[in-house]
Amino acid sequence: MKKELGQEPIYDARTLGVPRMLLLGLQHLFAMFGATVLVPILVQGYGLPLSIQTTLLFAGLGTILFHACTKFKVPAFLGSSFAYLGGFAAVGALDSGKYATMSPDDKLAYALGGIVVAGLLYLVLALLFKVLGTKKVMRYFPPIVTGPMIIMIGLNLAGSAIGNASTNWWLALVAIAVIIVANIWGKGMIKIIPILLGVVVSYIVALVTKQVDFSAVHTAQLFGLQPFTIAKFDLTSILVMAPIAIAAMMEHIGDVSAISSTTGVNFIEDPGLHRTLIGDGLATALAGFCGGPANTTYGENTGVLALSRVYDPRVIRLAAIYAIILSFSPKFDALVNSIPAAIVGGVSFILYGMISAVGVRNIVENRVDLTKSRNLIIAAVMFVSGLGFSSVGGVTFMVGNAAVTLTGLAIAALCGVLLNAVLPGNDYEFGTSVEGDKSADLGSYGEAIE
């Protein structure tokens with residue numbers, strides 16, 4: 001007997017029939033699509049040729065790998081992580097040592113090498129969670145460290161948003177307005193896909209006003225293989241990307257907490273946070289090694305779970321298959337790349353600000369006591385290090401004959417972790433606040449999961 005959508009929780013979507021299962025998978029594809037393809041578009045703006053086709057392929061493959069690692073129990077989709085945008089921008093801007101004369105393709109390869117290492121750090125954390133327990137490990141990554149880290153990721157990218165938006169401010173404002181309206185006044189699915197709507201509506205406006213160049217779309221093949229970029233490894237790019245894993249892992253934990261809260265199933269206990277971290281880490285390392293951005297569990301898809309009340313991971317895997325199919329079309333890649341820079345600027349205008357706002361929320365919802373000197377010192381040192389050193393291109397030093405550059409974000413992360421470990425008075429305990437545990441989710445733009 002077929003069940004009604006939205007009336008009661010459904011843990012086996014097969015009871016809905018095949019047609020409705022396929023449609024639910026398509027809904028999850030729409031939910032993740034705007035944010036997932038936006039990451040390579042933004043990275044291309046930093047001068048690094050990250051492929052939309054490859055991004056979609058490894059979003060799909062990464063999701064299926066994640067499900068395999070979590071015993072096919074967790075209904076999560078893995079899309080492109082916004083947390084690493086600051087790292088891509090930093091690598092794109094490197095101009096010292098061998099990076100001074102490096103081609104964009106090689107810079108991308110080295111940035112991807114940093115992502116591989118960042119993904120492998122998830123495995124280290126997963127082992128620590130398994131051996132020591134979640135609460136003991138999380139004491140070293142409290143909100144007073146992760147909050148400022150997330151705030152600076154957004155602030156360091158603000159200039160890029162202004163630069164793109166300034167190419168056509170009125171078109172950028174259309175994108176901004178649509179996102180705001182969808183996010184504040186939208187209902188149901190509209191509230192979950194504000195980024196996708198912002199891009200689509202402003203793109204239609206650009207088409208009407210003849211501001212879209214279709215030349216690349218006309219010449220592109222309908223079907224074709226993805227352009228793979230094999231990762232290269234260098235200490236500078238690793239030190240740029242790897243510290244961002246601190247914020248990304250908090251995002252992951254926040255997402256798993258949100259999915260558990262939404263579905264009423266404690267996935268932190270079963271299959272366990274160590275398994276979800278392994279799945280996310282392996283998916284990120286695989287994507288980085290072959291030419292895709294880091295992956296992360298997506299809050300948008302958690303919103304779709306809440307909207308439909310269908311909690312069967314099979315539906316998520318259908319969305320992954322759809323993403324893989326789309327990744328085999330260079331013409332689709334060219335169509336997405338035809339989006340004017342002003343629209344990208346308008347969308348990122350909101351996105352980068354939201355990333356920073358999520359960092360503030362992480363601090364507020366975990367009730368971080370900023371009247372304590374230790375907390376103020378940690379935040380102060382991180383902010384000045386992250387923003388100050390970024391403004392001067394980081395710190396470059398020699399290791400043997402090789403020049404190594406530490407970016408502002410990397411310095412801030414190292415300072416934060418070290419100060420938190422050394423200074424007395426660390427009273428953070430993971431698990432005391434459900435809202436706090438969910439507040440590091442960089443991928444959720446609505447309140448549908450609440």
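1. Phe228 is partly exposed, at 46% relative accessibility; the term covers values between buried (under 20% relative accessible area) and exposed (over 50%), computed with a 1.4 Å probe on protein chains only. Its partner in an aromatic pair is Phe58, which is buried at 5% relative accessibility.

2. The model is predicted, so local features need pLDDT of at least 70 and side-chain atom pairs count only at pLDDT 80 or more, while totals for chains, interfaces and linings use all residues. Residues are numbered from 1 along each chain as its sequence is written, and side-chain values use heavy atoms, with hydrogens and water left out.

3. On confidence, the chain has a mean pLDDT (the predictor's confidence in each residue, from 0 to 100) of 90, and 94% of its residues reach 70 or more. Where pLDDT is low, the predicted coordinates should not be read in detail.

4. Five aromatic pairs are found in a search of the whole structure. Rings of Phe, Tyr and Trp (its six-membered ring) pair if their centres lie within 6.5 Å; planes under 30 degrees apart are stacked, over 60 edge-to-face, and the rest tilted. Phe58 and Phe228 are edge-to-face, at 6.2 Å centre to centre and 70 degrees between the planes. This pair links Phe58 in helix H2 to Phe228 in the loop between H11 and helix H12 (235–241), 170 residues apart.

5. Trp169 and Phe349 have ring centres 6.2 Å apart and planes at 80 degrees, so this pair is edge-to-face. Trp169 lies in helix H8 (residues 169–185) and Phe349 in helix H18 (residues 341–365), so the pair ties together parts 180 residues apart in sequence. Trp169 is partly exposed at 36%, and Phe349 is partly exposed at 35%.

6. Helix H8 also packs against H10, at an angle of about 145 degrees and with the axes 8 Å apart. Axes are lines fitted to C-alpha atoms, for helices over the stretch in contact, and angles run from 0 to 180 degrees between N-to-C directions. Residues making the contact include Trp170, Val174 and Val178 of H8 and Ile195, Gly198 and Val201 of H10.

7. The largest nonpolar core has 120 residues, and those with the most contacts inside it are Tyr84, Leu85, Phe88 and Tyr352. Such a core is a set of buried Ala, Val, Leu, Ile, Met, Phe, Trp, Tyr and Cys residues joined through side-chain atoms within 4.5 Å. A second, separate core has eight residues, among them Ile10, Leu24, Val310 and Val315.

8. A cis peptide bond joins Asp270 and Pro271, with omega about 15 degrees; Pro271 lies in helix H14 (residues 268–290). Phe72, not a glycine, has a positive phi of about 60 degrees; Phe72 sits in the loop between H2 and strand E1 (78–80) and is partly exposed at 44%. Lys210 also has a positive phi, near 60 degrees. Lys210 is in the loop between helix H10 (194–208) and helix H11 (215–219), and is exposed at 76% relative accessibility.

Key:
Helix = DSSP H or I, 4+ residues; strand = E, 2+ residues; numbered from the N terminus. Contact = heavy atoms within 4.5 Å.
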